[in-house]
Amino acid sequence: MVHKILFVTDPHICAPGQRIIGLDPSLRLAAVLDAAILAHPDAAALVLLGDLTHHGLAAEYEELDRILGAVSVPIIPMIGNHDRRDAFLARFPDAPQTPQGHIQTWRDIGDHRIITMDSLDGPPYHHGQHAGLLCPDRLAFLEDALATRAGRHAIVCIHHPPFDTGVIGMDRIKLRNGSDVIDLLARHANLHLVCGHLHQTVSGNTRGVPWTVFKSPCHQGVVELVKQSSSLSTDEPGAYGLGLLSANGLIIHSIDVGTGARVVDGYAAAT
Ligand SMILES: [Fe+2]
């Protein structure tokens, strides 16, 4: 049996009317969710990979809550560097939390364990600090989640990549203790790491740990290998991720939305 899960990362919801590089984050997220759920209403879960809001403000979480109200698929929320735990939990008090207050959990779906981590570094929060952290409590949680999965495949979701991608502005604000996290993951077989933060579709492996990064529904990142900036953005189409989970393993697709692209049966069109 194949189970589907949907991935959406970095919607950066603002208060109504505000825009990011001319894009309306609410309209962009709603369009991506509509497309994803229309195509995959049978998905077992929707993982939100963090940076749910742009400033971590109450009004932004209120707007996010309004948009998510139309979603029929069970949601697993994560937070990122643009989020704030207190404001998030004030609006979403039922979100999974650890006794230490981190917004993270694991859920078994078929032959897979989905592990969703909280990589927000703080409080205290420092202006302009966008790198992430998995503290000792969170590393212990991750180790436990992987060690107790009884043969299941694992999908480990962390907003901040613990690896470099060559986009040097973003590599400077990755997970601060990324090397420790890769060490931990490399000790466990049969897992796939899924991240956000970059606003780009990227895949690779680091010291044998395979990973995928998804684009945002809203503004996208730029493959900039020279400049140090971490704020370069482009208005390419938004996207969502689709995971196909089976006993054999995991297949991942990244699907653009709102391109205006047609789907044409090429054989039929050629006759
Ligand atoms: Fe982001």
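## Where two helices meet

Let's start at a helix contact: Ser26, Leu29, Ala30 and Leu33 in α1 meet Glu63, Leu64, Arg66, Ile67 and Leu68 in α2. Contact here means heavy atoms within 4.5 Å. The residues of this contact split into six nonpolar, one polar and two charged. In that sorting, Ala, Val, Leu, Ile, Met, Phe, Trp, Tyr, Cys and Pro are nonpolar, Asp, Glu, Lys and Arg are charged, and the others, Gly among them, are polar.

The axes of α1 and helix α2 (residues 58-68) come within 10 Å and cross at roughly 25°. Axes are lines fitted to C-alpha atoms, for helices over the stretch in contact, with angles from 0 to 180 degrees between N-to-C directions. α1 and α2 are therefore roughly parallel to each other; angles under 35 degrees count as roughly parallel, over 145 as roughly antiparallel, 65 to 115 as roughly perpendicular and the rest as oblique. Their crossing is right-handed, a label used if the near helix is turned clockwise from the far one by less than a right angle, with anticlockwise giving left-handed.

## About the model

This is a predicted model, where local features need pLDDT of at least 70 and side-chain atom pairs count only at pLDDT 80 or more, while totals for chains, interfaces and linings use all residues. Residues are numbered from 1 along each chain as its sequence is written, and side-chain values use heavy atoms, leaving out hydrogens and water.

In total, the protein has seven helices and 11 strands. Both are DSSP runs numbered from the N terminus: helices are H or I with at least four residues, strands are E with at least two. The C-alpha trace spans about 60 × 45 × 40 Å along its principal axes. With 271 residues, a compact globule would have a radius of gyration near 18 Å, and the protein agrees, at 18 Å. That radius is taken over C-alpha atoms, and the globule rule is 2.2 Å times the number of residues to the power 0.38.

Two strands pair if DSSP finds at least two bridges between them. Strand β2 (residues 45-49) and β3 pair in the parallel sense over four bridges, and Val47 has Ile76 in β3 as its bridge partner.

## The six-strand sheet

Another open sheet, also mixed in its pairing, runs β4-β5-β6-β7-β9-β8. At its edges sit β4 (105-109) and β8 (202-206), each pairing on one side only. The twist averages 20° from one strand to the next. Strand β5 (residues 112-116) and strand β6 (residues 153-158) pair in the parallel sense over five bridges, with Ile115 opposite Val156 in β6.

Helix α4 (residues 136-147) packs on the sheet, touching β4, β5, β6 and β7 (191-195). Helix α6 (residues 178-186) lies across β6, β7, β8 and β9 (209-213), at about 120° to β9.
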